[in-house]
Each structure stands twice: as structure tokens, then as C-alpha cells.
Amino acid sequence: LFDGVYPFYLQQRKVAVFDVSSIIVIVVFLTFACSFLLIIPGIRGRARLYWTLRVLLSLLVGVVIVAVQFTGDWETGWVTANTSYKSFSHALVNADIGLHVGLAGVNVTLLGNPVNQVNETIDYNEHFAWSFDADYDHSYGEGLERGLPSPILYVAEKFTTQSPCSLHRQYRISGHYASATLWVAFCTWLISNMLFSMPVLVYGGYMLLVTGAFMIFSLLSFSTVRNSLMCPIQFGTTTLHISYGGSFWLTLAIGLLCFVAGITVVALHYFSLDLLKTFFDLREDKAEEHQEMTEVYVNAHFVNNG
């Protein structure tokens with residue numbers, strides 16, 4: 001030891017405050033929303049409210065479909081326990097251990113109570129990726145070389161390919177198919193917006209239903225991990241249990257919103273077309289098409305020949 005730091009682990013790992021990819025997605029969609037808000041004063045009357053509601057709801061669906069691809073809280077779990085901190089050391093620390101499962105990997109969090117214990121700052125958030133272009137075992141091996149705290153390595157070991165728990169393959173395949181179906185939902189969301197702008201309202205409503213269906217399919221794909229036996233993650237007498245997190249429930253809510261919006265559009269098309277066209281600001285065009293002529297000029301020469 002020198003200055004209270006282990007030689008094989010010179011610098012303290014910092015906790016990840018936010019995911020950069022998610023922030024980029026949110027900033028892009030916020031830019032679209034702000035751009036629309038700048039032009040909304042140019043729309044007159046009640047149509048301004050309808051345009052605002054349609055555009056903001058559509059952007060909300062789009063940003064959720066893309067953002068949840070990069071979040072790490074599809075499944076989450078926390079436990080507070082007294083546990084060993086480093087290998088080859090008998091020192092115990094009191095800490096909150098968190099497990100956050102995403103579509104592309106897992107995050108393991110370690111937060112001390114208090115943060116400063118055993119002459120160190122215990123505040124970690126380590127990511128181990130299992131997407132098809134990443135090597136989970138290699139990331140775990142790097143963690144061993146860096147000398148990560150024992151609780152983080154213990155939890156991460158449960159998801160390695162060599163672990164008898166066999167969780168790696170199940171989570172990797174389920175996350176891959178969930179991500180793929182979400183990208184299909186994003187494509188159908190784009191098509192629905194195109195159809196609404198053409199305008200072909202009823203087919204836009206059908207595509208909203210397809211968007212909601214693919215979002216539900218992604219949830220079903222991810223939930224198949226529940227069919228496999230979950231190895232217990234024990235810290236002394238306490239067990240870390242995980243459950244569905246915010247991204248899972250947010251995707252479910254937006255999927256149901258797409259179903260409600262799609263059913264509403266289709267129902268209004270068949271039962272109240274005028275109300276639907278009013279909401280999409282199309283009644284003015286219809287009025288112009290059926291506007292009666294106030295003056296009629298007749299050529300007497302053609303009338304006489306007739």
C-alpha cells in the first residue's frame with residue numbers, strides 16, 4: 001500500500017451520472033419539440049391546440065422507443081448489506097449494492113453507507129456489456145485486473161458465460177430480440193407519421209396499432225428471462241432481488257398509449273369522420289371543395305345552340 005491505495009488499483013472509479021447515448025437521444029427530440037414550439041404561434045385558432053397535442057404526443061412515442069434502447073433499468077434491484085470490500089482483506093463495509101439490467105448489458109452499483117469507509121470513497125457504477133459486438137467475459141476479466149470491489153465482481157460473475165447460473169445466454173438473446181422489435185416499432189412509428197401527413201388517417205391509425213403491438217412484443221421477449229431459474233445473489237443473510245424497472249413500465253405505458261390512439265383514430269374514421277378531420281385540421285379543405293358559387297356567368301351563345 002502507498003497513501004492508502006492498492007498498487008494494482010491506482011485511481012478511484014467514478015460513478016456514472018448519466019448515459020451519454022440516452023442524453024443524445026433526448027436532446028435530439030427536444031430540439032425537434034422546441035423547433036415546433038417556435039412555429040406554433042403561426043397556426044390560428046383551435047387548430048393550434050390540436051397541432052401541439054399531435055406533435056408532442058408523437059415525439060413522446062418516438063423518444064421513448066429510441067431512448068429505452070440505451071437505458072439500464074429494465075430490471076433493477078437493491079440490497080443493503082455488510083460485506084467484504086476487497087479480496088485478501090477481512091475489512092467489512094456497509095453498502096448499498098444495486099443491479100440494473102438493460103438490453104445491452106448490466107450495471108452493478110456499489111454505494112457505501114457512509115460513502116467514506118476504510119480510507120476510501122465507495123461509490124462505483126460498473127457496466128458489463130453483453131451485446132453481440134461486445135465480450136462480457138473480457139469486460140469481467142478487465143474488472144478483475146483493475147481490482148474492482150468484491151461485491152461488484154461477485155454480482156457480475158453471475159452473468160458470465162462460465163457461470164453455472166446460465167443467465168448470460170438467456171439475457172443476451174432476450175435483450176437482442178427486444179431491441180430488434182423496438183427498432184421495428186420505431187420504423188412503424190415513422191410510417192404512421194407519414195400517413196397522417198399525406199393524409200391517410202385510417203391507415204395512420206392502423207400503423208399506430210402496429211407500433212403498439214411491436215412494443216408489447218419487445219416486452220414479451222424481454223420477460224422470457226423469467227422462465228429461467230435466477231441464481232440467488234447472497235450477501236450474508238440478505239438476498240438481492242430484482243424486478244421490472246422504469247424502462248419496462250415506460251415502454252408498456254407508451255405501447256398502450258399507441259393502442260388507445262390507434263383505436264381512437266380508426267373508430268372516429270368509421271363513426272365520426274368530421275370530428276377526426278377537425279382534429280387533423282382538414283375540415284377547411286373540405287369546406288373549400290364544397291363551397292357554393294355566389295355568381296354564375298352563362299354564355300348565351302352556347303345556351304341557344306343547346
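Predicted model: local features only at pLDDT ≥ 70, side-chain atom pairs only at ≥ 80, totals over all residues.
Helices here are DSSP runs of H or I with at least four residues, numbered from the N terminus.

Residues are numbered from 1 along each chain as its sequence is written, and side-chain values use heavy atoms, with hydrogens and water left out.

Back to that pair. Helix 3 (residues 136-146) packs on helix 4 (residues 150-157) at about 165°, axes 11 Å apart; axes are lines fitted to C-alpha atoms, for helices over the stretch in contact, with angles from 0 to 180 degrees between N-to-C directions. The two are therefore roughly antiparallel (angles over 145 degrees count as such).

Next I looked up helix 6 against helix 7 (residues 246-271). Their axes come within 8 Å and cross at roughly 155°, which makes this pair roughly antiparallel too. I get a left-handed crossing for helix 6 past helix 7. The residues of this contact split into 20 nonpolar, eight polar and no charged (nonpolar is Ala, Val, Leu, Ile, Met, Phe, Trp, Tyr, Cys and Pro; charged is Asp, Glu, Lys and Arg; the others, Gly among them, are polar).

Then the rings. I searched the whole structure and got 22 aromatic pairs (Phe, Tyr or Trp rings, six-membered ring for Trp, with centres within 6.5 Å; planes under 30 degrees apart are stacked, over 60 edge-to-face, the rest tilted). Y203 and Y206 make an edge-to-face pair, 6.1 Å centre to centre with 65° between the planes. They sit three residues apart in helix 6 (residues 201-223), so about one helical turn separates them. I have Y206 as partly exposed at 33% relative accessible area (buried is under 20%, exposed over 50%, partly exposed in between; 1.4 Å probe, protein chains only).

I also noted one aromatic cluster, whose members include W74, F128, W130, F222 and W249.

Last stop, R54. Its charged end sits over the ring of W51, 4.4 Å from the centre (the test is NZ of Lys or CZ of Arg within 6 Å of the ring centre and within 35 degrees of the ring normal). R54 also lies over the face of F279, at 5.8 Å from the ring centre. N193 belongs to helix 5 (residues 167-197) and is partly exposed at 28%.

Note on methods: Parallel < 35°, antiparallel > 145°, perpendicular 65-115°, else oblique. Left-handed = near helix turned anticlockwise from the far one by under 90°.
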